[in-house]
Amino acid sequence: MQLFFLIAASIPLGAQGLEPKIAAAAESLRDSLIAQRRDFHMHPELSNREVRTAKVVADKLRALGFDEVKTGVAKTGVVALLKGGRPGPVVAWRADMDALPVTSNLAVAYKSNNPGVHHACGHDAHVAIALGVAEVLSRIRAEIPGTVKFLFQPAEEMPPPGEEGGASLMVKEGALNNPRPGAIFGLHVMSTLGSGTIGVGSGAVMASADAFDITIKGKQVHGASPHLGVDAVVVGAECVLALQAIRSRRIDPMEPIVLSVGSFHGGNRFNIITGEVKMEGTVRTFNEEVRERVRTMMRQTLSGCTSQQGATFDLSFREPAYPVTVNPPALVEESLPLMRRVEGQRVQMVRPIPGAEDFSYYQREVPGFFWFLGAGNEKLGITAAHHTPDFNIDEAILVPGVRLAASQLVDWLERHK
């Protein structure tokens, strides 16, 4: 009996009492959630160009009676406040809105109407779920102990060259201020997880992402006289191989990193030894200290493999460069009881993912918990990887996504009021 009282005392009665209401409200939105997601899917917009999406979001939030709806944040972002009927702290939810420059192969009625643009990463579902959460919470706002801030963010897939954008610009323009949340939550649909599975990680859950550009400079010469020049192709090829030794010989083998050269260009004629080669690639790590060490080692390696043949190099890292996405273990442990209570055995601990997320910029400002919502379904043929022409989601996940997200926000407010 004593144990029962201890367990019961650890569960905020207000949050637990609202869970059935949240579940019922989420279920009542099933058809409208699917319709909303399909509307976004049919009208995808690229990073920093999410004009229609932002307008749909802002109009919906105003119709729901939100206390404040601010548009034009970080170009096309929307920041909105829902003040509960009871005093309490502030918590935030983030949803990204942009699509990708991918041509859709889907044979569905809601296929993209924008040629060459496709919601190939599920951000349409993220926005639909966030709007569903907003509607559910607006129905019970009198019982909410605090304020919920919604961040609808552009350009998670990185802004166009020469532009700022994404989470870093949202932070820069004060999206987390006035009022500042005590925590921020978000999710990402995952085609690699079965439909409705809730993937949770503690600590580093997604990698940093650094895109780099390398220029190797040699000396152009006739192809019949290589000894009179410095072959940038040969030097560049040696540099590619040498860079792989960073992972295999200079970093602890228990420390996961990826260093990939994805593009290699040089020369314009069969009998001319080119004097310049350009490469680009990516580095992924799960540790910020390792991330900085890899950058240093890349410069050391390039310096060595170019100087020994009389060539030179330039190395630059593009901005924005996404930090490691890190879920604070204390915030995860605090949230897990609610997640398991609402979704049961569907909640699973997962390994870190080498993909990257600019949600990490918010986590540098306030504690942030980012989790994954399984969206794949082999029976329905929904198995395509993210960022591909065939990517799609099982729309049955929209209701559980809304149910869990709304419950999680109320649970945090109850625990911290």
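Mentor: Helices (H or I, at least four residues) and strands (E, at least two) are DSSP runs, numbered from the N terminus. This is a predicted model, in which local features need pLDDT of at least 70 and side-chain atom pairs count only at pLDDT 80 or more, while totals for chains, interfaces and linings use all residues. Residues are numbered from 1 along each chain as its sequence is written, and side-chain values use heavy atoms, with hydrogens and water left out.

Trainee: Where does S47 lie, and is S47 buried or exposed?

Mentor: S47 sits in the loop between α3 and α4. Buried means under 20% relative accessible area, exposed over 50%, and partly exposed in between (1.4 Å probe, protein chains only). Because its relative accessibility is 8%, S47 counts as buried.

Trainee: Which side chain makes a polar contact with the side chain of S47?

Mentor: A polar contact is a pair of N or O atoms within 3.5 Å; within protein, one must be able to donate a hydrogen and the other to accept it, and residues adjacent in sequence count only if both atoms are side-chain atoms. A polar atom of the S47 side chain also lies 3.2 Å from the backbone oxygen of M158. The side-chain partner, at 2.7 Å, is D98.

Trainee: How many residues apart in sequence are S47 and A99?

Mentor: Contact means heavy atoms within 4.5 Å. Leaving aside neighbours within four places in sequence, S47 is in contact with several residues, including A99, A155 and P160. From C-alpha to C-alpha, S47 and A99 are 6.8 Å apart in space, and their separation in sequence is 52 residues.

Trainee: Is E45 buried or exposed?

Mentor: E45 is placed in the loop between α3 (30-42) and α4 (51-63). Not counting residues up to four places away in sequence, E45 touches E50, V51, R52, T53, D98, A99 and V117. Since its relative accessibility is 13%, E45 counts as buried.

Trainee: Which side chain makes a polar contact with the side chain of E45?

Mentor: One polar atom of the E45 side chain lies 3.3 Å from the backbone nitrogen of V51. The side-chain to side-chain contact of E45, at 2.7 Å, is with T53.

Trainee: Are α3 and α4 roughly parallel or roughly antiparallel to each other?

Mentor: Axes are lines fitted to C-alpha atoms, for helices over the stretch in contact, and angles run from 0 to 180 degrees between N-to-C directions. Angles under 35 degrees count as roughly parallel, over 145 as roughly antiparallel, 65 to 115 as roughly perpendicular and the rest as oblique. The axes of α3 and α4 come within 10 Å and cross at roughly 155 degrees. The two helices are therefore roughly antiparallel.

Trainee: Which residues of α4 make the contact with α3?

Mentor: The crossing of α3 and α4 is right-handed; a crossing is left-handed if the near helix is turned anticlockwise from the far one by less than a right angle, and right-handed if clockwise. On the α3 side the contact is made by Q36, D39 and F40, and on the α4 side by R52, T53, V56 and V57.

Trainee: How do α3 and α5 meet, and how many charged residues does their contact have?

Mentor: The axes of α3 and helix α5 (residues 123-139) come within 8 Å and cross at roughly 140 degrees, and the two are therefore oblique to each other. By class, their contact has six nonpolar, three polar and two charged residues. Here Ala, Val, Leu, Ile, Met, Phe, Trp, Tyr, Cys and Pro count as nonpolar, Asp, Glu, Lys and Arg as charged, and the others, Gly among them, as polar. The number of charged residues is two.

Trainee: At roughly what angle do the axes of α9 and α11 cross?

Mentor: Helix α9 covers residues 329-343 and helix α11 covers residues 398-416. Their axes come within 10 Å, and the angle is roughly 130 degrees.

Trainee: Which residue does a cis peptide bond join to N178?

Mentor: The loop between α6 (166-172) and β5 (183-194) holds this proline. Omega of the bond is about 0 degrees, and the residue joined to N178 is P179.

Trainee: What is the phi of K75?

Mentor: K75 lies in the loop between β1 (68-73) and β2 (77-83). With a relative accessible area of 43%, K75 is partly exposed. K75 is not a glycine, yet its phi is positive, at about 85 degrees.
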